[in-house]
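This report describes selected features of a multi-chain model.

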Amino acid sequence: MDDVTLQLKWVTQAQFGGYYVALENGFYEEEGLNVTIRPGGPDIAPPQVIAGGGADVIVEWMPAALAAREAGLPLVNIAQPFASSGMMLTCLADTGITGPEDFPGRTLGVWFFGNEFPFLSWMSTLGIPTDGGDDGVEVLRQGFNVDPLLQRQADCISTMTYNEYWQVIDAGISEDELVTFKYEDQGVATLEDGLYVLEDRLEDPEFVDKMARFVRASMRGWDWALENPEEAAMIVLEFDDTGAQTEQHQIRMMREVSQLTAGSNGALDPDDFERTVQTLLAGGSDPVISEHPGDAAWTHAVSDLALQ
Amino acid sequence: MTRSILPVLTVVTVILAIWYAACIPVNAQWTRDQAARAGVELTLRDIVADTLGQQRPRLPAPHQVAQELWASTWVEETQGRRGIVNTGTLSNRSLIFHGWVTLSATLLGFAMGTAMGLVLAIGIVHNRAMDRSVMPWAIASQTIPILALAPMIIVVLNAVGITGLIPKAIIAAYLSFFPVVVGMVKGLRAPDAMQLDLLRTYNASGPETLLKLRLPASMPYLFASLKIGIAASLVGIIVAELPTGAVSGLGARLLAGSYFGQTLQIWSALFAAAIVAASLVGLVGLVQRITLRRMGMAT
Amino acid sequence: MSDAPTTTPVIEARGLDLVFETADGPVHALKDVDLTIRKGDFVSFIGPSGCGKTTFLRVIADLEHPTGGTVTVNGMTPEAARKARAYGYVFQAAGLYPWRTIGGNIRLPLEIMGYSRAEQAERVARVLELVELSGFAKKYPWQLSGGMQQRASIARALAFDADILLMDEPFGALDEIVRDRLNEELLRLWHRTEKTIGFVTHSIPEAVYLSTRIVVMSPRPGRITDVIESPLPRERPLDIRDTPEFIEVAHRVREGLREGHGREE
Amino acid sequence: MSDAPTTTPVIEARGLDLVFETADGPVHALKDVDLTIRKGDFVSFIGPSGCGKTTFLRVIADLEHPTGGTVTVNGMTPEAARKARAYGYVFQAAGLYPWRTIGGNIRLPLEIMGYSRAEQAERVARVLELVELSGFAKKYPWQLSGGMQQRASIARALAFDADILLMDEPFGALDEIVRDRLNEELLRLWHRTEKTIGFVTHSIPEAVYLSTRIVVMSPRPGRITDVIESPLPRERPLDIRDTPEFIEVAHRVREGLREGHGREE
Amino acid sequence: MALALTGAVALWLGADPAAAPAPSALAWLLVATVAGGMATTGRLRLVPALTLVPLALGLGGYALVRHAAPPSGPSVWLAVAAVWLGAWMLVAWLAEIRPRAPAIQRTLGLIIPVLFGLTLLWLWEVVVQGAGVPRVILPPPSLIAARIASSAPILWVDFVQTFVKGALSGYAIGCAAALVFAVLVDRSDFLRRGLLPVGNFVAALPIIGTAPIMVMWFGFDWPSKAAVVVAMVFFPMLVNTVQGLASADRMQRDLMHTWSASYWQDLWRLRLPAAMPFIFNGLKICSTLALIGAIVAEFFGSPTRGMGFRISTEVGRLQLDMVWAEITVAAIAGSLFYGVWALLERRVTFWHPSQRRRG
Ligand SMILES: Nc1ncnc2c1ncn2[C@@H]1O[C@H](COP(=O)(O)OP(=O)(O)OP(=O)(O)O)[C@@H](O)[C@H]1O
Ligand SMILES: Nc1ncnc2c1ncn2[C@@H]1O[C@H](COP(=O)(O)OP(=O)(O)OP(=O)(O)O)[C@@H](O)[C@H]1O
Ligand SMILES: Cc1ncc(C[n+]2csc(CCO)c2C)c(N)n1
Ligand SMILES: [Mg+2]
Ligand SMILES: [Mg+2]
């Protein structure tokens, strides 16, 4: 049995359903792997964990992973279970916002901690400054929940299609009271939830093999979750040690996540990679990454082996 | 003790009254918005009823918090699927479980922090070099926002193979050692000149002076420091429970509530934490009373 | 005693000077003090308040550092003497530790000096007896009257065997009867043990009754104005106080004191 | 004075009892104390240490509550009298506030009692003069010798005009000369102001010299064993101490004291 | 004792076969040990201390450079230990000097902690470089210094937002409220019995939990941070003040009693002055807590400036040098803030034995 530690990007929830399913259903075991899943949290930067030796593989968004690469931490994408982005900006309709041209002068909630890159790229493609002022937007560092919208402290907030959006709905605001801007629709989508490892470890064929088995089992998990969203949600719930998640919310999240993983067999599509890099490079005066990371930032070595 | 009951009840009643009264205007906005969305007219009575029973209130009513506390302790353990009655172990959905996780780490961190604070204070009082060089850095250490360091500390410690209670306890110790140092440096220096001179005439050694004069004389300062230290330790643990993966403990519970905007869960965890803190402080107070009585200093 | 002078100087001060620096200028607490105390002497210090008696005793005990001149104690520096535990000191205020019982306070120096448990208990009982506080070993200082506290602090200094005894107004808060009794006890102890005693008092009869020499001091700056050798014999029953020699010495001391005061104005 | 008795009782104690509860049993500090002090009396309390002198003064001052019997002060309860600021109190230990200078310490009661600025300054200067500490107004307590601290605390109690003055061994740490001078000053003040004074001392001559009445107490339980009316005139030069009346009274007091001590053993 | 301890360590290291390739460093460690023992155990031994300190320092440094080529191994650590010992000796020696001139005294008071700190920084640099710690975990001080120089304007904006607006206002309000509350509680027995337990309970609410609520109530900008700081400093201040107000001794209180001082007179003239050492304790402890509180509170939502915002954002971006630059600013600001109170304390409670003896 080989030990593998996976560091998640966020707390235990259906967003990571595939991995939990693979663990619960013994897919990892069948591949000869002994997998430990470490939940994340608001102040856990998975790249830092992997740099400190706390994990073998991490779930991370590509903008953050590429930025880490520029900062001197050579992360490499080995698989990309999420084919499309779930990020969007959700606004209250009664603020009168109908399109991006209405943003100037508004207050927008944004996640930081490495998750602000897609937003910053979008704004710079729109040519809207993000440092306040009349022609720019006022940016709030959004906390963990959707309160800023409910309390009307912000006109729009960042949400994920599978999570925060539904929290807004659950809070009693109907869908027609909301205006949403999906990053996918705006043409500024970046890749989310990929699997990353440290570059030098890929020189070891044994490690590559181990990761291949890991990716294979994980994708099995995702496929199973796609077919059995309710059971998958219940598995996630079982792993939630805080006891804070609710059944209804996780089942719904599993369904929404399925729409994002659909269309991926686990291998990274080089076109998507290129599109993400171009979006990030487009960031005006202060781009997220200053130069093209090159193809060393991803590899098919693992996923090819996994998909044999 | 019994003499305290009436005053405490009075104060609590007043606070509850103010709290209830505050719930209405604070939560009313939401009630009105909801009514407007549904297109119904609300009487004052409806508004009051609604503001005191919302799912995600800005300010939950006291009885809601109490209900939630009850439900997530007694009810969860006795009736819950994972409760101690059904499984023989504490349920991970109950505040008893999370409270215990936090409490045990708090005590460990407090013990470490107090020990370190005492050692430093003694060093500072007895050694000029330490007095001159360590104190400014102890101060500076407290200005470092530990939350920023916590993930790094935990990552590093995990890499070295230290997991479980200890990383959390280290962060708690980091926060709680400082009040002990500040208080004890002053306390150990509190004996007056004559008391010190007396020991000088006996040619008492440093350790003897410490044991027989400085420590006893510093007791009032020590206990004031310990009370703050133990409260700080709890804060430290709760802070540390975020980056440990936020899986268990009152801090994790608070945060989880906060991710999902579960105001009631936040408040009940908050109260559980306050109950733990208050009982710990009360415990230190009890030890203080007993010690001072033993020393003949209580009147 | 004075007619059979012992020659070993136990305490020797030469040109002693001590200036306290305070916010509103220096205070000259001791100026040019010369004094030799021989082994077995009983020396009393008397003088107006603020003349430097306490300060002088503190210098001998290495609790204050002179700004000029030299002191030796048993031929050593005061520091070395202190380290050799050469003396017991009774402070002007009782200075009992409030967290220790009376018994515990008296036991304190014994603990520090490493006496055995049994010995500690025995000595504590003995000195408590001596100062008539036998029933009070378990009381805390604040449960005692002022005079009782002072007696406890005397007991504390007597509990261990130091060759030199420095006492700063030890009997100030005691009534005449107890005072007489303790005076007698002190003389008996001195006889028996050949201790050297430095004793500050404000009572002229007490000074004359106890001492082989009386040092009269005067303030601002603090200095010695007179040193009176007592002609009284070593054996001193209480009624020696009615003899003409006694009254003569007392008179001389009073004159010295009055002079010190006179200069002040 | 005693032959022209004033009839107003200023302090009246009837069957006073006070028991302290301590960890190792009750202490009977005062038992069945009856005493009447009339206006203008100068009453001294004398007795072995621990006989309850301080405790009695504290009861009068409403600092201790009797467990039995009654006290009235100016016809009121001690509490009411205290609130009416009927007395000044000099404690057995100086008890100066370390954060105030000597001047500041003396000014403190004046501030509290609402004297004007100018009046405060004037009075502070006057009482400092009285206790011979004029140059020390700006020093802090720990910069003063023991006797100087005690004088400062006397000055503090004299600074304001209370009809009753309660003094607990005020002159214990002073030398004979200053003591004589302050005794005279106190008598003069008493003459001039017709104050009623309760005075604890251990000095028999001092008690006889100052008082119109001397209360002799004895310990365990603390009680009054003798009350001696002084036959001395109100005008008392210092050399009155050599008259036969004086010696006679002193003798009686000494006998009373000795008896109190005798019973103890 | 120090001698025996360091000696034992040296012996143990010597016995370790891994230490064999570094005989020179070991030798210097021993020299430093002996010298250190002499400087710390004996009285002031001027001459040996004076000569040996720079010797140990210089040679320790030399050994380090020589063995720096393979960036780790026991010899480096031995040299590090030697330099550390040497520096500590120097500090110990400096601390023993008691010049009469206050100006020199003050400079010494500054030099010693700086020296100690420089040694710490140097150790940090060497350990990070020597052990090859990744930059995204812990950057070396040199990198942090460079970042401070290049990002000064951002650091200033963050400082104003967090320290001046958030921490200071919260600190002032919280400490004042705790003072008033303590006095109230002290005033009436009923309130003491009723309010103190409740007050302790409410104030024991952990800040982490109050932060999201404060953001909900007071918005994203600095008022919510100030509110968190208020909640954070209240309890330590309260505990200290209550303790302090009860610290006047029996006779001091009796005196006030005999003068029948009114409540306020008693408070102003006795209890508060007597409580000052405790109050300053509280103010000092709270001065550091306030800064932590303001920074941590920003983790729960903030505008896009502030030290806490920057720290958590840059951690996510793995710009650890910026994180440490902010931490440095925080440490300096916090230390200065603390220093102001320590200075004031010396002025106000000059009479307390803990201040008096060091005059
Ligand atoms: N720590 C100090 N700082 C400043 N001045 C001091 C200090 N200690 C004593 N003095 C001053 O030194 C002088 C001598 O004081 P000392 O205590 O020796 O007098 P003393 O003879 O013992 O008087 P007393 O009989 O009243 O106890 C006094 O004027 C006093 O004010
Ligand atoms: N707070 C207290 N608790 C217990 N016992 C006390 C307390 N105060 C005084 N006593 C006891 O009461 C008795 C009388 O004490 P008090 O202080 O009145 O004596 P005194 O006559 O003033 O003696 P002295 O001349 O020594 O000052 C003593 O035996 C003492 O131990
Ligand atoms: C402090 C903080 N805020 C937001 C995110 C963004 N984020 C990344 S994945 C995820 C889960 C979506 O439900 C969310 C919210 C974060 N990582 N940390
Ligand atoms: Mg003196
Ligand atoms: Mg008394």
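How many residue pairs are in polar contact across the interface of chain E and chain B? The rule finds one such pair, with both residues at pLDDT 80 or more; a polar contact is a pair of N or O atoms within 3.5 Å, where within protein one must be able to donate a hydrogen and the other to accept it, and residues adjacent in sequence count only if both atoms are side-chain atoms.

## Basis of the model

This is a predicted model, in which local features need pLDDT of at least 70 and side-chain atom pairs count only at pLDDT 80 or more, while totals for chains, interfaces and linings use all residues. Residues are numbered from 1 along each chain as its sequence is written, chains are lettered from A and ligands numbered from 1 in the order in which they are written, and side-chain values use heavy atoms, with hydrogens and water left out.

## Interface of chain E and chain B

Chain E places 67 residues in contact (heavy atoms within 4.5 Å) with 70 residues of chain B. The buried area is about 6,000 Å², and carbon and sulfur atoms give 77% of that area; buried area is the accessible area (1.4 Å probe) that two parts lose on being put together, summed over both.

One salt bridge is counted between the two chains, the term denoting a side-chain nitrogen of Lys or Arg within 4 Å of a carboxyl oxygen of Asp or Glu. Glu345(E) and Lys186(B) form a salt bridge through their side chains, at 2.1 Å from N to O. Several helices (DSSP runs of H or I, at least four residues, numbered from the N terminus) each supply at least two residues of the side of chain E that touches chain B, including α4 (74–96), α5 (102–131) and α14 (320–348) of chain E. The most comes from α12(E), with 10 residues. By class, this side of chain E has 44 nonpolar, 15 polar and eight charged residues.

## Surface patch on chain B

A nonpolar patch on the surface consists of Ile84(B), Val85(B), Leu90(B), Ile96(B) and Trp100(B), which together have about 450 Å² of accessible area. Patch members have over 30% relative accessible area and no salt bridge, and nonpolar side chains are joined within 5 Å. Helices α4 (84–87) and α5 (95–126) of chain B each give two or more residues to the patch; Val85(B) lies in α4 of chain B.

## Backbone features of chains C and D

The peptide bond from Arg220(C) to Pro221(C) is cis, with omega near -5°, and Pro221(C) lies in the loop between β8 (213–218) and β9 (223–229) of chain C. In chain D, the bond from Arg220(D) to Pro221(D) is cis, with omega near -10°.

Methods
Nonpolar A, V, L, I, M, F, W, Y, C, P; charged D, E, K, R; others polar. Patch = residues over 30% accessible without salt bridge, like charges linked within 9 Å, V, L, I, M, F, W, Y side chains within 5 Å. Areas by Shrake-Rupley, 256 points an atom, 1.4 Å probe, with all protein chains shown as cover.
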